[in-house]
Amino acid sequence: MSHLIDVSAVLRRTVADHFSDLVTRPTGAAVRTQIEAQLLLSTSATVVIDFSAVGLLDFSCADEVVAKLLLRHAADSPEAGDPFFLFRGVSDSHLDAIEAVLERHGLALVAEPSDGPRLVVGALDPLERVAWEAISRLGSAAPADVADAAGCAVADAEDILEGLRRRRLVRRRESHYLTVWEEGADA
Amino acid sequence: MTTVITVPPSLDDTSFEQVLEQVAHFPPEQKILVDARHTRWASPYGLTALLTLAESRIERPDFAAPEIEDTASYWARAGFFKYAVEMYDVHGHIPKTRAGESEVLLEITPVRKSEDVHTVVGRIQQKAAEIIQKKLNIDAKATVGFAMTLSEACQNIIEHAGRGGWVMVQTYQWQKRLGRRVVVIAVCDAGVGFRSSLESAQGHRLGDRWDDAMALEEAVIRGVSRFRETGRGQGLAGIRRYIGRWDGKLSVRSGTARITIVPEWDDDEPLAEGLPNFPGAQMQITIPEKVAAK
């Protein structure tokens, strides 16, 4: 089962009861610290970071909350226990700020917008994006399936999928790769 | 001896330079009287810059309030006198204001700590939505970006000024220069300014050409921050993105220079150097009404 972290509740608990906007670096840093504390207690492979009740998200806060969280858990060399993240309830305006900071750091994440299908956002090359979309469409797929979709060699598809897995954008179960929202142990 | 500094009849970012040209001749210990008796109109930049001017002085200055009742009344509703009396010895009639009667989008508000930014952003959102959609004919999506821009502009004070500053937002018909309605954000402080802020960065090296103009280019154009983490400098980059999307104008003055991201509808200089020295940083963001394409 995934672990749900309601960012708005963390904001109100951590900073002030009446705040619903994620603005300023100090606020972002305080919220991230609390999210990190919850992650320490979590045993779930996937953590859902829920922005549904967050009003405004500015660039500085997106950098503190989203980018720094990913840098710690989903950048080049994540550890075995690092979770996969699904960012739920993100609006178009949240995405404006999030995409800007992801591009700056060369990061990417899986988002579940409040009014649309799940998508991957941030710094990905076109083949990585096609591979991720194939996994998203199929739910679970072998490298050969992704190779078909992307029009590349199976060995190249394997490399791409491993790269996506290291960035915590897809999971692996035995010889198949699956979305971060699928239940199941990561190999 | 008190030196009289005359405030122009119409006070905005451009004409405020006339004030600074007069003040530049007198050290901060010199007593000055800022004479606004004949001033008829002031932009958010003009009003916040007047407060910043007082903060830049060691000897508490005098201030002569506008004689025109409507002007003084508007300045009062904008919150100017509420703070001016703390920094100036104010002379002349100060109209009283009643709570809730202000039509100003965001009255002059001090920005001293992170919580102040939350307050500013919280207060602006509802009013901004109304103005941006109904009066500026801009997409509703622009409202959130507007609040984000305001947030980042205010944070610039907290992160870099080393002291508090002021913010004000207003919308008005900019008949003379543009013939359209605009919404204007002014954020002013009398802090350390961009050059000193960047100089305080660890490992910062002074190049052959290092001055206020260069510091502004580094910060505003190249997104350099005194903090060396990769994610820093996002705020000004975000502001630039916003004004680019909505055909806005950004100008930032610090020390002796001013850098401007100039839209097609304006003919301001991209970089002005050799201006009278004024401490801190003064930022103005102008978003114009959208006109239908011909």
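This is a predicted model: local features need pLDDT of at least 70, side-chain atom pairs count only at pLDDT 80 or more; totals for chains, interfaces and linings use all residues.
Colleague: Which strands of chain A stand at the edges of the open sheet of five strands?
Modeller: The order in this sheet is β1-β2-β3-β4-β5 (chain A), and the pairing is mixed. From one strand to the next the twist averages 30°. The strands that pair on one side only are β1 (3-6) and β5 (119-122) of chain A.

Colleague: In β4(A), which residue is the bridge partner of L86(A)?
Modeller: Strand β3 of chain A covers residues 84-90 and strand β4 of chain A covers residues 108-113. The two pair in the parallel sense over four bridges. Within β4(A), the partner of L86(A) is V110(A).

Colleague: Is α1(A) roughly parallel or roughly perpendicular to α2(A)?
Modeller: The axes of helix α1 (residues 7-14) and helix α2 (residues 25-41) of chain A come within 9 Å and cross at roughly 115°. An angle of 65 to 115 degrees counts as roughly perpendicular. On that basis α1(A) and α2(A) are roughly perpendicular.

Colleague: By class, how many residues in the contact of α1(A) with α2(A) are nonpolar, polar and charged?
Modeller: The crossing of α1(A) past α2(A) is right-handed. From α1(A) the contact takes V7(A), V10(A), L11(A) and T14(A), and from α2(A) it takes A30(A), V31(A), Q34(A) and I35(A). The division by class is six nonpolar, two polar and no charged residues.

Colleague: What is the relation of α5(A) to α6(A), roughly perpendicular or oblique?
Modeller: Helix α5 (residues 126-138) of chain A and helix α6 (residues 143-150) of chain A have axes that come within 9 Å and cross at roughly 120°. The range for roughly perpendicular is 65 to 115 degrees. The relation of α5(A) to α6(A) is therefore oblique.

Colleague: How many residues in the contact of α5(A) with α6(A) are charged?
Modeller: α5(A) passes α6(A) in a right-handed crossing. L127(A), V130(A), A131(A), A134(A), I135(A) and L138(A) of α5(A) meet D145(A), V146(A), A149(A) and A150(A) of α6(A). Nine of the residues in this contact are nonpolar and no residue is polar, while the number charged is one.

Colleague: What is the radius of gyration of chain B?
Modeller: Chain B has nine helices and 13 strands, and its C-alpha trace spans about 50 × 45 × 35 Å along the principal axes. For 294 residues, a compact globule would have a radius of gyration near 19 Å. The value for chain B agrees with this, at 18 Å.

Colleague: Which strands of chain B stand at the edges of the open sheet of seven strands?
Modeller: The sheet has antiparallel pairing and the order β7-β8-β9-β13-β10-β11-β12 (chain B). Each edge strand has a single partner strand, so one side of it is left without a neighbour in the sheet. These edge strands are β7 (106-111) and β12 (271-272) of chain B.

Colleague: Which residue in β9(B) does T171(B) stand opposite?
Modeller: Strand β8 (residues 165-174) and strand β9 (residues 180-189) of chain B pair in the antiparallel sense over 10 bridges. In β9(B), the residue opposite T171(B) is V183(B).

Colleague: How many residues of the contact of α2(B) with α4(B) are nonpolar?
Modeller: Helix α2 (residues 44-55) and helix α4 (residues 80-87) of chain B pack at an angle of about 10°, with their axes 10 Å apart, which makes α2(B) roughly parallel to α4(B). L47(B), L51(B), A54(B) and E55(B) of α2(B) contact F80(B), Y83(B), A84(B) and M87(B) of α4(B). One residue is charged and no residue is polar, and the nonpolar count is seven.

Colleague: Which helix supplies the largest share of the side of chain B that touches chain A?
Modeller: In the interface, 18 residues of chain B are in contact with 20 residues of chain A. On the chain B side, α5 (114-135), α6 (141-161) and α9 (234-245) each supply at least two residues. By class, this side has five nonpolar, 11 polar and two charged residues. The largest share, eight residues, comes from α6(B).

Notes
Residues are numbered from 1 along each chain as its sequence is written. Chains are lettered from A and ligands numbered from 1 in the order in which they are written. Two residues are in contact if their C-beta atoms, placed from the backbone, lie within 7 Å. Ala, Val, Leu, Ile, Met, Phe, Trp, Tyr, Cys and Pro count as nonpolar, Asp, Glu, Lys and Arg as charged, and the others, Gly among them, as polar. Axes are lines fitted to C-alpha atoms, for helices over the stretch in contact, and angles run from 0 to 180 degrees between N-to-C directions. Angles under 35 degrees count as roughly parallel, over 145 as roughly antiparallel, 65 to 115 as roughly perpendicular and the rest as oblique. A crossing is left-handed if the near helix is turned anticlockwise from the far one by less than a right angle, and right-handed if clockwise. Two strands pair if DSSP finds at least two bridges between them. The radius of gyration is taken over C-alpha atoms; the globule rule is 2.2 Å times the number of residues to the power 0.38.
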